Amino acid sequence: MNTEVFHGFLSTLLPDKNGKSDPVNTIAFVQQNPSLQAHVMWNQNAKTAASFANTEFFGLHTFYFEQSNDQKTKFRWNIEPSLGGKTLEKEEVANMPTEFLADTFAQQLKDKTVRFTIMASLGEAQDSDIDPSQQWPTERPKVAFCTVTVNTSGGDACNNTNFYPNIMSPGFTPSADPILRMRSPAYAISFGKRLSGQ
């Protein structure tokens, strides 16, 4: 996938003058662009998380970290919840209140210790570092970077904070993935719109 395909796909989801998007346009675009098809198939079968505390998060983009011998190792991160993954069936979700994810998470924080371990899947030479639509084999070795303990949730402390995915700690560098590089300016535009109430 490249930035043109990504932008084209998102464009098919925009509403028309009547406030509705046309799924026929989206289906046609996906059929013309094979790099989108794996995502669409996954999305059709994906289930709703039972809680933020029971959700495993996966990064699509590739980054590098430097080793003591000045070599760079490419990796993709994922975050593993200490309480394990848990999903809900469609019938269960239909009966849930709108804010059930945030509410369940807040209750779990009162009852349990909620931790997430940030893992790095280590890539090999044949693993793409510029195409986030290309999955790496699941048997790639993993190393743990750190464990984060969450004590509270909610509030508006992050409302005036913007996330720049290409600014990182010393020892880490982003890949040349064009979609990754596009994210920082896109997030900056979105942040500006949020602050201005657009």
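A: We can begin with one residue. Phe75 has a relative accessible area of 4%, so Phe75 is buried. Keep in mind throughout that this is a predicted model.

Q: Is Phe65 buried or exposed?
A: The cut-off for buried is under 20% relative accessible area. Phe65 comes to 16%, so Phe65 is buried. Phe63 and Phe75 are buried as well.

Q: How does one describe a pair of aromatic rings?
A: Two values are used: the distance of the centres and the angle of the planes. This structure holds nine aromatic pairs. In one of them, the ring centres of Phe63 and Phe75 are 6.1 Å apart and the planes stand at 35°, so this pair is tilted.

Q: What are the distance and the angle for Phe65 and Phe75?
A: Their centres are 5.5 Å apart and the angle between the planes is 50°, which is again described as tilted. Phe65 is in strand β3 and Phe75 in strand β4, 10 residues apart, and this pair too links distant parts of the chain.

Q: Which residues form the aromatic cluster?
A: Phe63, Phe65, Phe75, Phe145 and Phe172 form one cluster.

Q: Let us step back to the whole chain. How many helices and strands does the secondary structure of the chain have?
A: There are six helices and eight strands. Read from the N terminus, their order is α-α-α-β-β-β-β-β-α-α-β-β-β-α. The C-alpha atoms fill a box of roughly 60 × 45 × 40 Å along the principal axes. Of the 198 residues, 28% count as buried.

Q: What share of the contacts comes from residues 24 or more positions apart?
A: Take the contacts in the chain with a separation of 6 or more: residues 24 or more positions apart account for 69% of them.

Q: How do I read two helices that pass each other?
A: Look at the distance of the axes, then at their angle. Helix α1 (residues 3-12) and helix α2 (residues 23-32) have axes that come within 8 Å and cross at roughly 160°. An angle over 145 degrees counts as roughly antiparallel, so α1 is roughly antiparallel to α2. The crossing of α1 past α2 is left-handed.

Q: Which residues of α1 and α2 meet?
A: From α1 they are Val5, Gly8, Phe9 and Thr12, and from α2 they are Asn25, Thr26, Phe29 and Val30. By type, the residues of this contact divide into four nonpolar, four polar and no charged.

Q: How should I compare separation in sequence with distance in space?
A: Take the two values side by side for a given pair. Leu60 and Pro132 are 72 residues apart in sequence, while their C-alpha atoms are 5.1 Å apart in space. Pro137 and Val114 are 23 residues apart in sequence and 29 Å apart in space, C-alpha to C-alpha. For Asp111 and Ala157, 46 residues apart along the chain, the C-alpha atoms are separated by 23 Å.

Q: Where is Leu60, and which residues does Leu60 touch?
A: Leu60 sits in the loop between β2 (57-58) and β3. Leaving aside residues up to four places away in sequence, Leu60 touches Arg76 and Pro132. Its relative accessible area is 49%, so Leu60 is partly exposed.

Q: And where are Pro137 and Asp111?
A: Pro137 is in the loop between β6 (114-122) and β7 (142-150). With a relative accessible area of 30%, Pro137 is partly exposed. Asp111 lies in helix α5 (residues 100-111). The relative accessibility of Asp111 is 52%, so Asp111 counts as exposed.

Q: What should I look for in the backbone angle phi?
A: Most residues other than glycine have a negative phi. Asp70 is not a glycine, yet its phi is positive, at about 70°. Asp70 is found in the loop between β3 and β4.

Q: What is the relative accessible area of Asp70?
A: The value is 70%, so Asp70 is exposed.

Technical notes:
Residues numbered from 1 in each chain as written. Predicted model: local features only at pLDDT ≥ 70, side-chain atom pairs only at ≥ 80, totals over all residues. Heavy atoms only, no water. Axes fitted to C-alpha atoms, helices over the stretch in contact; angles between N-to-C directions. Helix = DSSP H or I, 4+ residues; strand = E, 2+ residues; numbered from the N terminus. Parallel < 35°, antiparallel > 145°, perpendicular 65-115°, else oblique. Left-handed = near helix turned anticlockwise from the far one by under 90°. Contact = heavy atoms within 4.5 Å. Nonpolar A, V, L, I, M, F, W, Y, C, P; charged D, E, K, R; others polar. Phe/Tyr/Trp six-rings, centres within 6.5 Å; stacked < 30°, edge-to-face > 60°. Buried < 20%, exposed > 50% of the residue type's maximum accessible area, 1.4 Å probe, protein only.
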